Amino acid sequence: MARILIVEDNALNIKLFCDLLAAHGHEPEAVTDSRTALEAARNFSPDLVITDIQLPHVSGLELIRMIRADEKLARVPIMAVTAYSAHGDEERIRAAGAQAYVSKPISVARFAQTVGDLLKDGGADDPSGEAQESWANESAGGGGGGPSEPGGEEL
Ligand code: MN
């Protein structure tokens with residue numbers, strides 16, 4: 001069992017993540033306002049942080065950098081969740097300090113697998129080819145929104 005902090009502004013995703021994690025025997029705690037996330041993480045002492053990237057107020061990338069800069073939290077594995085699959089996203093997310101990310105809409109199997117990997121090896125870099133797979137269905141033309149962002153709704 002692991003303590004997992006979820007930072008996500010979308011209620012449906014919070015429910016999905018919490019249900020999935022609880023089903024795997026973990027103890028999830030959710031924060032909806034990223035301005036309170038760092039303090040919540042300090043108090044909760046999570047084994048893993050899962051954060052949305054598209055967050056109001058403090059973006060997921062900013063939050064990842066804040067966690068990495070925090071003395072108590074610097075080594076906690078971070079998994080980012082993002083609704084967009086633009087080129088350069090993975091680089092920005094990894095450069096900020098996250099070990100892994102999954103794209104929305106969430107694949108339940110991939111979500112569970114990534115959580116398991118991060119808890120097992122503490123967030124060592126994983127050359128699994130996630131990015132290539134994620135970008136694979138992007139059209140060569142490149143126009144318009146990404147494949148995982150129907151209607152442009154911010155999740
Ligand atoms: Mn969001």
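Mentor: This is a predicted model. Start with the sheet. Five strands form an open sheet, in the order E2-E1-E3-E4-E5, and their pairing is parallel. Now look at the edges. Strand E2 (27-31) and strand E5 (100-103) stand there. Each has a single partner strand, so one side of each is left without a neighbour in the sheet. From one strand to the next, the twist averages 20 degrees.

Strand E4, residues 78-82, pairs with E5 in the parallel sense, over four bridges. Find Val81: Val102 in E5 stands opposite Val81.

Next come the helices on the sheet. Helix H1 covers residues 11-23 and packs on the sheet. Helix H1 touches strand E1 (3-7), E2 and strand E3 (48-52). The direction of H1 makes about 165 degrees with that of E2. Helix H2, residues 37-44, also packs on the sheet. Helix H2 touches E1, E2 and E3, and its direction makes about 175 degrees with that of E1.

Now turn to a pair of helices. Two packed helices are described by the angle between their axes and the distance between the axes. Helix H3 (residues 60-69) packs with helix H4 (residues 89-96) at an angle of about 25 degrees, and their axes are 8 Å apart. Angles under 35 degrees count as roughly parallel, so H3 is roughly parallel to H4.

Which residues meet there? Leu61, Ile64 and Arg65 in H3 meet Arg92, Ile93 and Ala96 in H4. Sorted by class, this contact of H3 with H4 has four nonpolar residues, two charged residues and no polar ones.

Terms used: Residues are numbered from 1 along each chain as its sequence is written. This is a predicted model: local features need pLDDT of at least 70, side-chain atom pairs count only at pLDDT 80 or more; totals for chains, interfaces and linings use all residues. Two strands pair if DSSP finds at least two bridges between them. Helices (H or I, at least four residues) and strands (E, at least two) are DSSP runs, numbered from the N terminus. Axes are lines fitted to C-alpha atoms, for helices over the stretch in contact, and angles run from 0 to 180 degrees between N-to-C directions. Two residues are in contact if their C-beta atoms, placed from the backbone, lie within 7 Å. Angles under 35 degrees count as roughly parallel, over 145 as roughly antiparallel, 65 to 115 as roughly perpendicular and the rest as oblique. Ala, Val, Leu, Ile, Met, Phe, Trp, Tyr, Cys and Pro count as nonpolar, Asp, Glu, Lys and Arg as charged, and the others, Gly among them, as polar.
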